[in-house]
Amino acid sequence: MLIIDCPYCGPRDQSEFSNGGEAHVKRPDGSAEIGDREWGEYVFIRANPKGIFYERWVHSHGCRKWFNCVRDTSTDEILKIYKIDEERPKLDSFKNNVKTPSGEPNLGSGNFTVKK
Amino acid sequence: MKKKYSIFSIAKNALKGHKDWPKMWRSPEPREFYDVIIIGGGGHGLGTAYYLAKEHGLKNIAVIEKGWLGGGNTGRNTTIIRSNYLWDDSAHLYEHSLKLWENLSTELNYNVMFSQRGVMNLAHNEHDIKEIKRRVSANNLNGIDSLWLSKEEIQKKVPIMNTDNLRYPVLGASYQPRGGTARHDAVAWGFAMRADEMGVDIIQNCEAHQIKTKNGKIEGVETSKGFIRANKVGVVASGHTGVLAETAGIRLPLQSKPLQALVSEPIKPIIDTVVMSSAVHAYVSQSDKGELVIGAGTDSYNSFTQRGGFNIIEETVRAMVELYPVFGKMKMLRQWGGIVDICPDASPIISKCDVEGLFFNCGWGTGGFKATPGSANVFAHTIAKNQAHQINSAFNLDRFASGKLVDEHGAAAVAH
């Protein structure tokens with residue numbers, strides 16, 4: 001279970017928060033003109049990386065404020081938490097623990113099937 | 001050599017101390033080229049290879065697997081099999097699968113221990129009652145055995161259940177008598193053995209690194225054992241399907257999350273059916289060894305850690321103890337998490353895509369095990385014929401542009 005450092009309330013148990021999925025998703029401009037496919041991508045498709053992931057959380061059972069978070073989905077390590085109006089941290093400022101797209105990190109995964 | 005199992009072969013090998021059983025499949029090195037490569041050696045992938053060889057006459061097939069056969073979600077699930085889905089498209093798909101289950105041990109000459117002990121889905125409130133009764137009616141219209149049980153009928157079947165003295169009382173349930181459980185490992189092993197006999201190369205410890213395409217056509221797969229060319233590639237990698245699709249520049253509407261389950265210490269037979277409750281989120285059956293197999297939920301956030309948060313277990317155990325006070329002092333033996341790929345409409349994708357020769361069978365989310373033979377069967381058809389079988393035609397990728405979703409959140413049992 002995660003300990004999440006709410007930028008307004010400080011570190012709290014994950015059960016106080018709700019996950020809001022991928023952060024920085026932009027609604028496409030000119031929605032009247034774009035095709036079904038592009039619109040469908042905006043509605044249904046979200047990033048799902050094994051590794052560095054930008055996501056949103058809301059402190060539902062606390063201050064009820066939204067904020068952004070960078071988490072490594074291969075280890076669940078929270079790398080950075082920033083307010084909703086702050087700039088998105090650059091991807092290359094984080095270390096990627098996964099060498100191949102579906103590879104396992106050295107530490108932090110419950111999957112022992114491919115560990116040497 | 002065709003391996004036949006019978007009471008005589010067991011007796012013969014028992015006398016020899018079980019030392020002479022033949023290997024169930026070869027462990028070949030990959031060839032340079034295959035007609036079809038299946039990425040993912042779980043039940044769905046091995047089944048696909050089996051049906052490709054058996055029903056479509058393809059011989060030059062490989063299944064590549066990152067770890068060992070059935071070591072992913074096939075070996076990590078709660079093995080519940082049912083077909084009581086709401087919409088026609090899903091009902092046909094899961095019923096197709098259930099019919100194949102009913103004959104699978106005979107067909108593979110390998111005991112998958114399919115046990116039709118019935119599956120119950122509990123209703124805890126007014127809305128549940130309406131929703132479940134609607135589903136029972138829809139099932140009956142599709143020729144699927146499904147009936148409504150009153151509280152008294154539930155108590156008769158499962159006397160240990162606390163139906164009244166709890167926060168969300170049990171008000172009734174749907175019941176599918178033909179539903180049940182199967183031995184998950186045996187499904188993977190049975191398919192693997194029979195596919196191997198027909199010449200399918202099953203290559204373990206071979207991780208797919210990149211799906212290579214050229215001018216909108218499939219070229220092959222870059223793996224940890226080198227590049228393998230192929231005419232067609234089928235990706236059946238459950239939680240990792242999304243990241244593999246990404247290597248070919250394809251974005252799929254999938255989110256990967258851990259789904260947890262836990263198993264208790266073995267006890268004497270106490271529950272002889274499968275009881276599921278999506279409202280309080282606990283489902284349970286008893287394995288042949290006597291362990292209670294308990295299904296928990298998914299975490300709310302994306303993760304590939306195959307572990308899951310402790311709060312999910314707490315919630316499930318809380319519901320279990322309320323529903324079955326008699327389990328209050330039991331010890332849990334182990335807990336695990338598998339990564340499931342969840343689609344926005346809680347229905348799978350069994351489809352070709354923009355790249356010629358590239359196929360996906362994914363998005364099974366929290367309930368793919370029950371579909372193993374059916375999914376494999378129609379996916380093999382889709383790969384061999386380059387077009388969907390009638391049964392899986394609704395489960396295409398285009399539905400996320402057309403909006404023709406197959407919304408099965410109600411029947412999916414695990415809320416997400």
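**Conventions.** In this predicted model, local features need pLDDT of at least 70 and side-chain atom pairs count only at pLDDT 80 or more, while totals for chains, interfaces and linings use all residues. Residues are numbered from 1 along each chain as its sequence is written, chains are lettered from A and ligands numbered from 1 in the order in which they are written, and side-chain values use heavy atoms, with hydrogens and water left out.

**View 1. Chain A carries 1 helix and 6 strands.** The order from the N terminus is β-β-β-α-β-β-β. Helices (H or I, at least four residues) and strands (E, at least two) are DSSP runs, numbered from the N terminus. The C-alpha trace spans about 50 × 35 × 25 Å along its principal axes. Of the 116 residues in chain A, 43% are buried. Buried means under 20% relative accessible area, exposed over 50%, and partly exposed in between (1.4 Å probe, protein chains only). Among chain A contacts with a separation of 6 or more, 48% join residues 24 or more positions apart. A contact means heavy atoms within 4.5 Å.

**View 2. The surface and charges of chain A.** Chain A exposes about 6600 Å², with 48% of it from carbon and sulfur atoms. Accessible areas come from the Shrake-Rupley method with a 1.4 Å probe; for residues, only the protein chains shown count as cover. Chain A has 18 positive and 18 negative side chains. Lys and Arg count as positive, Asp and Glu as negative; His and the chain ends are not counted. The centres of the two sets lie 3 Å apart. Each charge is placed at NZ of Lys, CZ of Arg, CG of Asp or CD of Glu.

**View 3. Chain A meets chain B.** The contact takes 33 residues from chain A and 34 residues from chain B. Together the two chains bury about 3000 Å², 52% of it on carbon and sulfur atoms. Buried area is the accessible area (1.4 Å probe) that two parts lose on being put together, summed over both. The rule finds 2 salt bridges across this interface. A salt bridge is a side-chain nitrogen of Lys or Arg within 4 Å of a carboxyl oxygen of Asp or Glu. E104(A) pairs with K66(B) in a salt bridge, and their closest N and O atoms are 2.8 Å apart.

View 4. K99(B) and E95(B) meet at 3.8 Å, N to O. K99(B) is exposed at 53% relative accessible area, whereas E95(B) is buried at 6%. Both belong to a network of salt bridges that also links E102(B), D145(B) and R178(B).

**View 5. E291(B) and its salt-bridge partners K289(B) and R334(B).** E291(B) is buried, with a relative accessible area of 7%. K289(B) is exposed at 62%, and its salt bridge to E291(B) has closest N and O atoms 3.9 Å apart. The salt bridge of E291(B) with R334(B) is at 4.0 Å, N to O. That pair links distant parts of the chain, 43 residues apart: E291(B) sits in the loop between β14 (282-286) and β15 (292-298), and R334(B) in strand β16 (residues 332-342). R334(B) is partly exposed at 42%.
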